[in-house]
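I opened this model to look up a few things. My entries follow the order in which I looked.

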Amino acid sequence: MVINCAIIDDEPLAAGLLKSYVLRTPFLNLIGAYSSALEAMKELREHPAQLLFLDIQMPELSGIEFAKILPTETKIIFTTAFQQYAIESYKVSALDYLMKPISYDDFLKAANKALDWFGIASRQAATMKERFMLVRADHKLIRISFDDIIYIEGLKDYIRFFLVDGSKMMSLISLKTVESYLPYPEFLRVHRSYIIHVPQIKQIDRLRIFIGDIQIPISETYRDEVLNYLDLHTLT
């Protein structure tokens, strides 16, 4: 997979460094580099990018303000010298937040996050048309509708599906594998051992999610992502 990307940064040295990083990264294709969000806005209408490396503090229109008007399918990696915008970056669903000066190692880690996201998104687009998956269990292929899943538990060597009819089904696959086939954010990883079906949530209390009488923990690793999702869907 190759990701079409663009750089938006009003600092020539920072933009030049990012350009050199993009050119070193085989799965990135640079379609443009812009010195302001307004300049980028005009060009990206004609030549849209899948991924933006976006500075935050820029004249006329900040990176945060620009992110709010972008199409949801355009993903963002913020590049900034200022730490205080990290929380705002979560609210616009940025994939990563890189602090200047940016090393190639940090850049590559962020770019790989984007590669993972677009890979999952393309698989999910195909899966969403079907709304089911086929899972091996008891030496058979069993069809499981997404709507029938309450939550999924990962155990040592296998996973267990908990279904709306009260039944359970075990399969010898990893939680990470099944996560890649489930539509996000309808299904949310909340713990190294649990994926929940969001429409099944009844209540959230601190670091626990209640699905009926079942309590599912939210781990430190996934807490920020879960809280960010809840923030975006909470009436205030």
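The entries below cover a sheet, a loop residue and the aromatic rings.

I am working with a predicted model, where local features need pLDDT of at least 70, side-chain atom pairs count only at pLDDT 80 or more, and totals for chains, interfaces and linings use all residues. Residues are numbered from 1 along each chain as its sequence is written, and side-chain values use heavy atoms, with hydrogens and water left out.

**Sheet.** I looked up an open sheet of five strands and read its order as S10-S9-S8-S12-S11, with antiparallel pairing. Strands here are DSSP runs of E, at least two residues, and helices are runs of H or I, at least four residues, both numbered from the N terminus. Two strands pair if DSSP finds at least two bridges between them. At the edges I find S10 (168-171) and S11 (187-191), each pairing on one side only. I then checked S8 (residues 149-154) against S12 (residues 194-197): three bridges join these antiparallel strands. Glu-153 stands opposite Tyr-194 in S12.

**Asp-9.** Next I went to the loop between strand S1 (3-8) and helix H1 (12-24), where Asp-9 sits. Is Asp-9 buried or exposed? Asp-9 is buried, at a relative accessible area of 3%. The cut-offs are under 20% for buried, over 50% for exposed and partly exposed in between, with a 1.4 Å probe and protein chains only. A polar atom of the Asp-9 side chain lies 2.9 Å from the backbone nitrogen of Glu-11. Leaving aside neighbours within four places in sequence, Asp-9 is in contact (heavy atoms within 4.5 Å) with residues including Tyr-34, Asp-55, Thr-79 and Lys-100.

**Rings.** I searched the whole structure and got eight aromatic pairs. Rings of Phe, Tyr and Trp (its six-membered ring) pair if their centres lie within 6.5 Å; planes under 30 degrees apart count as stacked, over 60 as edge-to-face and the rest as tilted. Tyr-21 and Phe-107 have ring centres 5.3 Å apart and planes at 50°, so I log the pair as tilted. Tyr-21 is in helix H1 and Phe-107 in helix H5 (residues 104-130), so this pair ties together parts 86 residues apart in sequence. Both Tyr-21 and Phe-107 are buried. Tyr-151 and Tyr-194 also make a tilted pair, with centres 6.2 Å apart and planes at 50°. Tyr-151 and Tyr-194 are both buried. Ring pairs link Tyr-21, Phe-53, Tyr-104 and Phe-107 into a cluster.

**Charge over ring.** Last, I noted the charged end of Arg-24 over the ring of Tyr-104, 3.9 Å from its centre. The test asks for NZ of Lys or CZ of Arg within 6 Å of the ring centre and within 35 degrees of the ring normal.

Methods
A polar contact is a pair of N or O atoms within 3.5 Å; within protein, one must be able to donate a hydrogen and the other to accept it, and residues adjacent in sequence count only if both atoms are side-chain atoms.
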